Structure formats: C-alpha cells, structure tokens
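How do the parts of a protein chain meet? Look at the structure below, then read on.

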Amino acid sequence: MKTAYFKQLPGEEQCQISFHLVLDQYKIDKVFNFNRNLTEQIDNSLDRIRANVEKEFQKKNKRKKTKKAAATQGTDESAASAAGEQSADGTGEPVAVVVSLGTAEEKITNMTIAEMLVKLTSHPNVQLSVMDANFQISYNSPEVYAVKLPTSILADFYVSPSRLELHFATPECSAYCWSRGHMPESGNAQQIEWEQVGTEQTYLVQKGDVGLHLKFSCTPKDETGRTGPMTEIISPQPVQAGPGLCPFEVRHLFTQQKLRDGQFRVVSYNILADLYTDSEYSRTVLFDYTAPYALEMDYRKQLFVKELLGYRADIICLQEVDTKVFSLDLVPIFHQKNLAGHYQAKRKVAEGLATFYDLNKFELVEKDGVIVSEILERYPELWDKIKDNKPLVERIANRSTALQLTLLRSKHNTRKHLLVANTHLYFSPDADHVRLLQIAFSMQYVCEEHDRIIRQYQLEPSDLALVFCGDFNSTPECGIYKLMTQRSVPADFPDWESNWDEAVKDVSLSQPFQMGSACGCPEYTNYTLGFKACIDYIFYKRGTLNVNDVIPMPSEEELSMYQAIPSPVFPSDHIALVANFEWVN
C-alpha cells in the first residue's frame, strides 16, 4: 500500500498533505500537495482533494479530445464532437471521483483537521482512499525537507551537503549513500549508471571521481526507527581536480601521528566566515586579490576541513564559524574522526565560536558560553570605573563578542582537568582600549569559573590546566599580550587612549595566572594586502602544562604565492596555530 503524508510542524497552523496518485486505467500519475488550516473541517478538505483530482481527469479528457479532434479533422463535425465527449477512461461515462478517510470500521467525518490529527496518533490504521487507490496515513513522518550539494567538489577533499534540513528525523539516525556516475552526451541524468562509493553523510572524494557526477541519497529516520521516503540529489557540476599541494599539507608532515597519552595537540584557527567574503565589498576591495571562486564557501570549506583533519588535533578552537558550516560540515565530518564539539553563536550575526575535542583523550565535564557585553556589570570593581564613560559604554555594550568555555577531563589521568577558553575579540583600528577591556572582563569570568571548578570538583590547583585560544585582534606590542604574559597593564598604557573620545582613565588591570604564549609571537598569523601581523594566540597556564613542540608556520613566500591570503591554497586570511602540550605531573 502506498503512503499519504500528513505533516504539521510545531507552532504552525497548517497541515500539509501529500500523496502520489497512480491510476493506470485512467493514465493518472501525479503528486498532489495541499496546505489546509487546522480549523478547517476534514470534509471540506476531502472535497478540495476530490476537486483537484477531478481537474486532473478534465486535463486528461481535454488532451484526449484535442488529439481525437486532430485525428478526425475533415470528417463529420458531430463525430468529432462525440469523440470529445468520451471521459478519461474512454467509456463515454463521466468518472465519479470518490475520496474518503477512515478505517475499515469507521469513517472520519464531522471534525476539524486538528481533531483528526489527534485521532491519527491513536488510530494507526487510518487510510485515505482516492478512487481505487488506498493510502496508509503517515503522520509527521521523517522527511528530507531540503537538500543541496555544493557547487564546487574537489578530488581528494571531503564533500557534504551544503544544506540538509530534516523534519521529524535526526542526522545521526538517518541513512546516507554517495554514488558516482558519468553524465551521458545526451545530458540526461536519468541515464547515468550509478556506482555506490560511500555510506556516510560526508564523502572523501577520490581522484578517480574527476569528471564524474556525484549523487547523494538520504533516508530520514528518527530515534524510534521510523523511516521516511528517500530523497536523492545529483551534484550540479562534475568533480574537479584539486588545487595541487597546499602549504598546510607541508605542515601535516609534522602531524602525521596522533600524540600519545599524556600529551595533546591544540589548534586555534579563524576560518573566515562566509558572512565576510560574500559581498561586493569583500570581492572588490577587501579581498580583491583573491580569485572569486577561491572566496566561495563551497570551495574554501573543503580546504579548511582537510587542513584541520590533517593536524590530528585533540583540541580545536575555531573562530568565525558559520552556523551552517558547523552543523552541516564540521560536526558530521569530525564525528567520523571521533571529535565532538559545541557552538557559541555571537549576538546578531550568523557566525560564532566552535570548540572540538577528541573523545579518545577527553571526557566532557561542562560547556558554557557568554556574550562579553552581557557580563560587564557582573564585575563592579572594573565596571564602576568605566560606566560613566558613555561613548565607551555604548561602544562596548553593542559588541557581539563571545566567550566559549569547555571543561574536559583527561581519560589518561582522571585527576587532570583542562579548561579551554575560546574567543574572537572586536576588530577596529581605534579599539585597542575596547579589546583590552573585553579581555579583562573575559579573564574575570574565566578566573571565577576556574575557582568554582576547583571547589566543586575538589581539585588541586595543579590539576586544572587552562588554555585560552583565539583571534585577539591584538599585536604583541599591545596590552592584551602584556596582560596575559606579564599579568598586568598599568593605567598609563598607550592602549587606553586608542580613541581619544572614549579614552579610559585611571584603570589598571591584572590577572592571577602565570601564562605563556604556546606559539610565541609568529611574524604573521593574519596576512592580507592591507594588514599583516600576529594577532592570534594560544595562551596557557604555566606550571600545569609544558609546550613540547610548535608546528612551523608557512613561509612568507608561501603566503604571498597569490599576493596574500585567502587564495586557492589558503582558505582563510588567518593561519592556524598548532602546538603540542604535555601535562605537568
């Protein structure tokens, strides 16, 4: 028996009804879709279904009449007219369209659609009958609502759907299939002979796929095992060859193996959100030196996913992560590599922070995230000194800067805990004072959480390590680096006057941790034509961790291969920082 799908999304006042009607004797083969209000009487809805089916019969009749009239052109007009009066089944008798809803024992009538949907939950044998066709009702069945493949698919890189929206299903429970095939000269995709090549949500494209099209299939399922109809989509373009050897693949020579127990590798990387490349200003001014295709997220994400996986990291802190990239690309691909993570959205924009950790090395204890501008008044000792500076307060309060925290427990030594902080501070050339205040409030929050964790989990201070990663938008000469590595910033530090109208008076800062910069101060962590400097860091608490190794940065010759980055071989305007740590016993 075929299936008719009834769907009502939470919060919506509409019920969607869909079924595929095939009546061979009447040459009817059509998918019918209806949207009906929940307050409508079910009898009225069935009348609407009947009327639409009758229209389809009339279309068939009209086409048959036209065809018959053409065949009888030049004969007696009455004969042609009689031929045109034949119904869709060719008998001359009008076809009675009958539509009903119910079970073998009971017809469903005299109730609203909302009441009918409630009845469906307790009566699984309800059927929709249309003429001779009977449909088993499936209410809120798992469904692929929307799916899309990237416009760029490169050999030797991972591919995943650029859009996959499921209703009443979960990505983890659903089934997937990737196939490849050669498009015939006719250009008719229906004639492609497909060969299955993968069964995960993501697929590592092979060199042998170049020139072939890929097909992605999804069968949606929920936690109970209910299954919805499979949906397929074919890639809009054939697979292309990759860009050749990328500089990050040279860096991978230093990370060919995972680190042994007692050690872990940390990556911090601003991957450049699509939000900041998909505009006319970005293409013509900000990154005018970058080939347009190399700015497209469908292209870039293939590069940074491969880059990140090649570092074989145990902790990955990312900035400028598009919400969809996190859920559709990073989560499913990293899940295959036993990496779990969480996301902290910024306020007002569709990008934010993501932190991933290796489930073989770490157990998640807690995860947290805040918007820095929303915790200012929580720390009156600092807030009271700036709250009357209205231009400054207005500026810092309107920032969407986020702070993400992840507390992990080592599986190798369960006494050892690691607090991972991740942030991306505000960017503006005249905002050194704003960034300095942002890191000050952030460190207040981190210190507060650090002390709570020690008390709550009864830890020795030496058993709680701290790593603070991020894009700090601050060079080593600025106050942030001084605060983090020298523990204090005096009231007369130049950063406080980076904007004279908002200048900060009589404020000095301090923080209690002996911190170091794991990668030191590379010459460049950001490299564009307009700006080149070190603004990204992996700070760590000394005494709890030792830095064993730092993965070499790309040379300036590599960075300038296409003038600057991003480029066809660098997916971001930033460079990933990679450092190897070891617990201090």
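The C-alpha centres of domain 2 and domain 3 lie 34 Å apart. The chain's assignment gives domain 1 (3-62 + 97-139), domain 2 (143-234) and domain 3 (247-583). These bounds come from an automatic or database domain assignment.

This is a predicted model, where local features need pLDDT of at least 70, side-chain atom pairs count only at pLDDT 80 or more, and totals for chains, interfaces and linings use all residues. Residues are numbered from 1 along each chain as its sequence is written, and side-chain values use heavy atoms, leaving out hydrogens and water.

## Where they touch

In domain 2, 16 residues are in contact with 15 residues of domain 3. Contact means heavy atoms within 4.5 Å.

Together, domain 2 and domain 3 bury about 1,400 Å², with 54% of it on carbon and sulfur atoms. Buried area is the accessible area (1.4 Å probe) that two parts lose on being put together, summed over both. Of the area that domain 2 buries against domain 3, F157, Y158 and T202 supply 41%, more than any other three residues.

## A salt bridge

Which side chains meet in a salt bridge? They are those of D156 and K306, at 3.2 Å, N to O. A salt bridge is a side-chain nitrogen of Lys or Arg within 4 Å of a carboxyl oxygen of Asp or Glu. Between domain 2 and domain 3 the count is one salt bridge.

## A recorded feature

UniProt, in an unreviewed entry, places the feature "domain: Endonuclease/exonuclease/phosphatase" at residues 268-574. Such annotations may be inferred rather than shown by experiment.
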